[in-house]
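Hi there,

Here is the structure I promised to pass on to you. Have a look at it first, and then read on for what turned up in it.

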Amino acid sequence: MAEKQIQCIYGTRDILPGESPIWRRLETAARNVFQRAAYCEIRTPVFENTVLFVKGTGENTDIVQKEMYTFPSGEDATVTLRPEGTPPVVRAFIQHDLHKKQGFWKLYYMGAMFRRERPQKGRQRQFHQIGAEAIGSPSPLLDAEVIGIAASILSEFGLAEFKIKVNCIGCPACRPAFRDALRSFFAARKDSLCDDCKSRMDRNVLRLLDCKNRACKTIADEAPKVADHLCAGCAAHYASTRSGLDILGVEWMESPRLVRGLDYYTRTVFEITHEALGARDAVCGGGRYDNLVEELGGPPLPSVGFAIGAEATLLAWEELNKGTPSPPEQEIEVYVAALNDEARSFCFRVVSELRRKDISADLDYEGRSLKAQMRSANRLNAAFTAVVGETELQNGTVNLKQMSTGDSAQVPVAELADRIRESQLKGAGI
Ligand SMILES: [Zn+2]
Ligand SMILES: [Zn+2]
């Protein structure tokens, strides 16, 4: 019996040639936006010591409790595939003493993350995030900048109609009192809560505010508001963040029940959502984490960051742009075609010379007919074709044809690159 064909792992997927241009468009938009705002790229390993996420992401989070891929490594150590980007960036920051080189850093990263979740549309076990971490400043204007950058990446990529939701969840000074208020509010209504919420009540009561369960939502609507429990420092910070956002001119809304699922957030939290995604509608999440660097063994450095989910962003874009052809995988300037087998190595030489002169070019490697080669030229959106037959071989020329005008001419190979550049510059025929 034939063996079963090996498949990719459940919850992972291949990004095939037809899909990669839209990924590149998102990544390019991100790099451009980061570049303009002076963020530096940082790349960290995909696996780390497990303790980094237990301490950093937080022991009581869903991620650490049930979603991590953890493997034994050596005696009694374990390693974990990174479920999020912030703890590794902070770990690298501390390990390499970046704060000693300069006090304030703006960093960004892109890469694969791993969580053992139930796979569904737009949500994979290996997924991709584009994130920023601005480390070393308490300025509320920085909160606004970071939110503005996330929004700029999405707009520049081409996603429309997203919503920016912002909240302030307080600090270690004012949050305990708010937690107590929530706990007694929910304890009185415990019987009506979902099982998740019942078990989260002691370890992470803030999460009850953003439970998706309908009954929980109705109860949470009546719950104490964080705004009524902020200390003076948090209230002032929140006010300045809001006016920073107004200066940026981004559209945003206050979302008093937004808490995010991570332990390390202080003060500002935000989320960018998209209606096209249904119930789990976040394309980006982030916030301020003023204590994380210190908690992971570094100096006290207030920080703020975000992560955009690439899969969710692309899914929202697809839902909005149904029927729009995706960008072509490859486009070239010249397709060099052979009329007979003798011309093939000549074509190979022409192509390599064009490429050396920074002109994109391709040829046939399957020994196909001229007609089939012209189909390839069309598929590649070639602006020119250069056909080589017996005459051209003898004269050291090609028959160059500009596809948009239909113009054609015999051109010596030595002049080919210049002729192509010239006609592109003039925007005229050959
Ligand atoms: Zn506070
Ligand atoms: Zn619930």
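**Aromatic rings and their surroundings**

Phe185 and Phe186 are both buried. Before going further, please keep in mind that this is a predicted model.

The two residues also belong together as rings: Phe185 and Phe186 make an edge-to-face aromatic pair, with 5.1 Å centre to centre and 80 degrees between the planes.

In total, the structure holds eight aromatic pairs. Another of them is formed by Phe348 and Tyr365, again edge-to-face, at 6.5 Å centre to centre and with 75 degrees between the planes. This pair links distant parts of the chain, 17 residues apart: Phe348 belongs to helix H13 (residues 344–356), while Tyr365 is in the loop between strand S13 (361–363) and helix H14 (370–379). Tyr365 counts as exposed because its relative accessibility is 58%, and the cut-off for exposed is over 50%.

Ring pairs also join Phe34, Tyr39, Tyr108 and Phe306 into a cluster.

**The zinc site**

Which residues hold the zinc ion (ligand 1)? Its protein donors are the SG atoms of Cys171, Cys174, Cys231 and Cys234, at 2.2 to 2.3 Å from the ion. The angles among the four donor atoms run from 102 to 114 degrees, and the site is tetrahedral. Along the chain, the donors follow the spacing C-x2-C-x56-C-x2-C.

For two of these cysteines I can also tell you about accessibility. Cys234 is buried because its relative accessibility is 0%, whereas Cys231, with a relative accessible area of 24%, is partly exposed.

**A sheet of three strands**

Finally, there is an open sheet of three strands in the order S2-S4-S3, with antiparallel pairing. Strand S2 (47–49) and strand S3 (70–73) are its edges, each pairing on one side only. On average, neighbouring strands in the sheet are turned by 35 degrees against each other, direction ignored. S3 and strand S4 (residues 77–81) run antiparallel and are joined by four bridges. To find your way between these strands, look for Pro72, which stands opposite Thr78 in S4.

Enjoy exploring!

Best wishes

Notes. Residues are numbered from 1 along each chain as its sequence is written. Chains are lettered from A and ligands numbered from 1 in the order in which they are written. This is a predicted model: local features need pLDDT of at least 70, side-chain atom pairs count only at pLDDT 80 or more; totals for chains, interfaces and linings use all residues. Side-chain values use heavy atoms; hydrogens and water are left out. Rings of Phe, Tyr and Trp (its six-membered ring) pair if their centres lie within 6.5 Å; planes under 30 degrees apart count as stacked, over 60 as edge-to-face and the rest as tilted. Buried means under 20% relative accessible area, exposed over 50%, partly exposed in between (1.4 Å probe, protein chains only). Helices (H or I, at least four residues) and strands (E, at least two) are DSSP runs, numbered from the N terminus. Donors are N, O and S atoms within 2.8 Å of the metal (3.2 Å for Na, K and Ca); water is not among the atoms, so sites may look incomplete. Four donors count as tetrahedral if all angles lie between 85 and 135 degrees; four count as square planar and six as octahedral if opposite donors are over 155 degrees apart and all others between 65 and 115; anything else is irregular. Two strands pair if DSSP finds at least two bridges between them. Axes are lines fitted to C-alpha atoms, for helices over the stretch in contact, and angles run from 0 to 180 degrees between N-to-C directions.
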